[in-house]
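Hello,

Here is the structure we talked about handing over. Please look it over, then read the notes below it.

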Amino acid sequence: MSVRETAQQAFKNHLEYLSSGRIEEWVDLFTDDGVLEFPYGPADFPKKVAGKQALFDYMRNFPEHFKVEFVDLRFHETIDPTLVIAEFTSAGQALSTGKPYNQTYISVVETAEGKISRYVDFWNPLVAAEALNATGDSSLYAAFDAN
């Protein structure tokens, strides 16, 4: 596999593992010091999660709150073959409410030797809040973090 194909496969695995609730395998896609960033997260929502343990702690509750399938994946070519820029959507629902969770994403992902070193996640937190009937940031954050 080429460097670009390896980077894109790591991204495809990210979608597969997250949608199937395989959080430990999802965390293993990251480098030891891997970072997940949320530039559009609401107030009191973390802007950055770094390190495998923190990534696991942050994401382990996701499968309990959302059932999603990621669809319409489209990669954008980059000059740097280790950089992945992807657009995709989720088709799913919030398990606690039964409401749809249909999100549009743009992801900018840096990889190193086939592992994700930095993942910048551009998503709309209002879609998640509506799906969860979240009235405050702490309700939304609870869906992603065990704390």
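E87 is partly exposed, with a relative accessible area of 28% (buried is under 20%, exposed over 50%, partly exposed in between; 1.4 Å probe, protein chains only). Its side chain meets that of R74 in a salt bridge, 3.5 Å from N to O (a side-chain nitrogen of Lys or Arg within 4 Å of a carboxyl oxygen of Asp or Glu). This pair links distant parts of the chain: E87 sits in strand 4 and R74 in strand 3, 13 residues apart (strands are DSSP runs of E, at least two residues, numbered from the N terminus). R74 is partly exposed as well, at 48%.

This is a predicted model: local features need pLDDT of at least 70, side-chain atom pairs count only at pLDDT 80 or more, and totals for chains, interfaces and linings use all residues. Residues are numbered from 1 along each chain as its sequence is written, and side-chain values use heavy atoms, without hydrogens and water.

The whole structure has nine salt bridges. Among them, E110 meets R118 at 3.0 Å, N to O. E25 meets R22 at 2.8 Å, N to O. E16, R22 and E25 are linked in a network.

Now the rings. There are 15 aromatic pairs (rings of Phe, Tyr and Trp, the last by its six-membered ring, with centres within 6.5 Å; planes under 30 degrees apart are stacked, over 60 edge-to-face, the rest tilted). F70 and F88 pair edge-to-face, 5.6 Å centre to centre, with 80° between the planes. F70 lies in strand 3 and F88 in strand 4, so the pair ties together parts 18 residues apart in sequence. F70 is buried at 15%, and F88 is buried at 3%.

Best regards

Technical notes:
Helices (H or I, at least four residues) and strands (E, at least two) are DSSP runs, numbered from the N terminus.
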